[in-house]
Amino acid sequence: MTARRRQAVVVGVATSDYPHLPGMSEYGVHGQAADRALADAGLTFADVDGLATAGFFPMYATMVAEYLGLHPLYLDETNTGGSSFEVLLEHAAYAVESGAAEVVLITYGSIQLSQMGRRLGTGGGGGGGFAPGPSVYDSLWGNTLVGNYALAARRHMHQYGTTAEQLAAVAVTMRRHAGTNPQAQERDPITVEDVVTSRLVADPLHKLDCCVISDGGGACVVTTAERAADLRSAPVYVLGAAHATTHHLNMSAMPDLTVTPAAQSGPAAFARAGITPAEVDTAQLYDSFTITVVLTVEDLGFCEKGEGGAFVADDGLAVGGRLPTNTDGGGLSACHPGMRGMFLIVEAVRQLRGQCGATQVPDARIAVAHGTGGMLSTGATVVLGREAP
Amino acid sequence: MSDRPASTTAATADERPPKPRPAPVPDADSAEYWQAAHDGRLLVQRCTACGNAQLYPRDRCRRCRGAVEWVEASGRGTVYSFTVIRQNYARPFRDQIPYVVALVDLEEGPRCMTNIVGCAPEDVRIGLPVRATFEAVSDVAGIALFTPQGAGATSP
């Protein structure tokens, strides 16, 4: 008799309160999300022997472990920006499958809105601030975070004829989904016209092409299918995952502004999961900006390169559309506390459990969570399934 | 649009003296590059093994790890992509809004981040032929800006 391979599963997910958490500490957000995710799993902190999280200073996971009172045997704080939590989930799957850990808690917490205020466009990659090392070769000319994504959007428009109206369609669909999410930061319906007539922040991106800035966090609990057998909720299987990077913060070092690291991580993750993009029932895709989603659907293979604009237009991303995407309202409307990747995992798991109410995708069996970090710098794809592989 | 950028208002109310452009801190990789730009010359690195030209300056070739030598670039290139920055709260850039940030592909191959100056933002397009112009940002460093080829302007 051969030993059965250990299979990673997600057994608990939760979001913290969001999008406004005045007075709350960043670590308190981690704690609230962790409490809820463990309760969702039917586990306690005593069961946790692994912790994974990402933040913006070294030894961050150690800080969170100390705050939560954990002394884990497995610790991971890999930071790839917005895609960090997909990478941490991939790593956690390897950890439980190898036996390095039994129960890994992944947490995220941010009070970016309360801390920074609504100062969109001053973030990393420019604005006169200095990121470390070679980032100086892009940062001296006053480009902004929005400006970096605008460079990609302009190039995509030039090469493929993508229009501002097609980009706007992403924001319109996300807002419609957000309207069904009582926690969402922005819930009032918007039209394509509203998006393209909103103020230009960095041509061709308008204010409504940009994500919201929020407080919030989330958590998930990863263990083995064997351990999950006596837990309260149906496990969600980690079928395959992969991540990739093309550059750090320098857009001048990105080989092709119309091709993101998803072009590498997507095919690798699908191959590891043994599925094709056509089998995906719902996608939770990082939507820092509308262009991020257009590039991602192409690079993950949901449509051909250059056809992303047409794919997202005409409700292509709505429930009932070509690829039901960001069913919680996404970062464009629901919540974007800086590194939104955890929210993608939570929503993907909820879809596979059938817990998404008005935006539930009927009979969702396979979901993809794809995070994008930095300036289109990193991509991490996780394929999740309702049934054992 | 009636909702003017908040930064415009803030800049108007700001009575502090103008803040200069940020300046890099040269190191062993970059000192020659920054000094050359200070002196009005654009350098790129060329690999002595594979011939690949690169920016930004590094210890060795990013393609094959071969040794690199400095080559003076023509300063000519074309706009690969661009954006018009209309919101940036950071000084000194908020006082320059709107301004053009662009990626320029040099004739020698490398791509670099820059500003397009010497023309109206609405005259910038992808594929526009441009040439380098330089601005000193410290005693030991300058940066390359680009202006449309044929334009009379030699400084921003």
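Leu376(A) is buried, because 30 other C-beta atoms lie within 10 Å of its own, and 20 or more are enough for that class. Leu376(A) sits in the loop between strand 10 (366–373) and strand 11 (378–385) of chain A. Its phi is near 60 degrees, a positive value in a residue other than glycine. The model is a predicted one.

Asp315(A) also has a positive phi without being glycine, near 65 degrees. This residue belongs to the loop between helix 12 (308–312) and helix 13 (330–334) of chain A. Asp315(A) has 15 C-beta neighbours inside 10 Å and so counts as partly exposed. As background, most residues other than glycine have a negative phi, and most peptide bonds are trans.

Chain B has exceptions of the peptide-bond kind. Leu55(B) and Tyr56(B) are joined by a cis peptide bond, with omega about -5 degrees. Tyr56(B) is part of the loop between strand 2 and strand 3 of chain B. The bond from Arg91(B) to Pro92(B) is cis as well, with omega near 5 degrees, and Pro92(B) lies in the loop between strand 4 (76–85) and strand 5 of chain B.

| Site | Angle | Value |
|---|---|---|
| Leu376(A) | phi | near 60 degrees |
| Asp315(A) | phi | near 65 degrees |
| Gly42(A), after helix 1 of chain A | phi | near 75 degrees |
| Leu55(B) to Tyr56(B) | omega | about -5 degrees |
| Arg91(B) to Pro92(B) | omega | near 5 degrees |

**Chain A as a whole**

Chain A contains 14 helices and 11 strands. Its radius of gyration is 19 Å, close to the 21 Å that the globule rule gives for 389 residues, so chain A is as compact as a globular protein of that length. Along the principal axes, its C-alpha atoms fill a box of roughly 60 × 40 × 40 Å. Of the 389 residues, 64% count as buried. Among contacts between residues at least 6 apart in sequence, 75% join residues at least 24 apart.

Helix 1 of chain A covers residues 26–41, and its 16 residues should span 22 Å at 1.5 Å a residue; the end C-alpha atoms are 23 Å apart, which agrees. Its buried residues include Val29(A), His30(A), Ala33(A), Ala37(A) and Leu38(A), and also Glu26(A) and Asp40(A). The buried residues of this helix pack against strand 1 (8–15), strand 2 (50–53), helix 2 (60–68), strand 4 (104–110) and strand 7 (216–224) of chain A.

Helix 6 of chain A has 16 residues and reaches 23 Å from its first C-alpha to its last, close to the 22 Å expected.

**The contact between the chains**

Across the interface, 29 residues of chain A are in contact with 31 residues of chain B. On the chain A side, helix 5 (136–139), helix 6 (145–160) and strand 5 (200–202) each supply at least two residues. Helix 6 gives the most, with 6 residues. By residue class, this side of chain A divides into 12 nonpolar, 11 polar and 6 charged. The model scores ipTM 0.94 and pTM 0.94.

**Chain B**

The average pLDDT of chain B is 89, and 87% of the residues score at least 70. Over residues 1–11 of chain B, pLDDT stays under 50; for this stretch the model has 16 contacts beyond four places in sequence.

Chain B has an open sheet of 3 strands in the order 2-1-3, with antiparallel pairing. Strand 2 (53–54) and strand 3 (68–72) are the edge strands, each pairing on one side only. Strand 1 (residues 43–47) and strand 3 pair over 5 bridges, and Cys47(B) stands opposite Val68(B) in strand 3.

Asp105(B) is found in strand 5 (residues 99–106) of chain B. With 17 other C-beta atoms within 10 Å, Asp105(B) is partly exposed. Beyond its neighbours within four places in sequence, Asp105(B) is in contact with Gly77(B), Thr78(B), Tyr80(B) and Arg111(B). Asp105(B) and Asp59(B) are 46 residues apart in sequence, and their C-alpha atoms are 22 Å apart in space.

Key
Residues are numbered from 1 along each chain as its sequence is written. Chains are lettered from A and ligands numbered from 1 in the order in which they are written. This is a predicted model: local features need pLDDT of at least 70, side-chain atom pairs count only at pLDDT 80 or more; totals for chains, interfaces and linings use all residues. Two strands pair if DSSP finds at least two bridges between them. Helices (H or I, at least four residues) and strands (E, at least two) are DSSP runs, numbered from the N terminus. Two residues are in contact if their C-beta atoms, placed from the backbone, lie within 7 Å. Ala, Val, Leu, Ile, Met, Phe, Trp, Tyr, Cys and Pro count as nonpolar, Asp, Glu, Lys and Arg as charged, and the others, Gly among them, as polar. pLDDT is the predictor's confidence in each residue, from 0 to 100. A residue is buried if 20 or more other C-beta atoms lie within 10 Å of its own, exposed if 12 or fewer, and partly exposed in between; C-beta atoms are placed from the backbone. The expected span of a helix is 1.5 Å times one less than its number of residues. The radius of gyration is taken over C-alpha atoms; the globule rule is 2.2 Å times the number of residues to the power 0.38.
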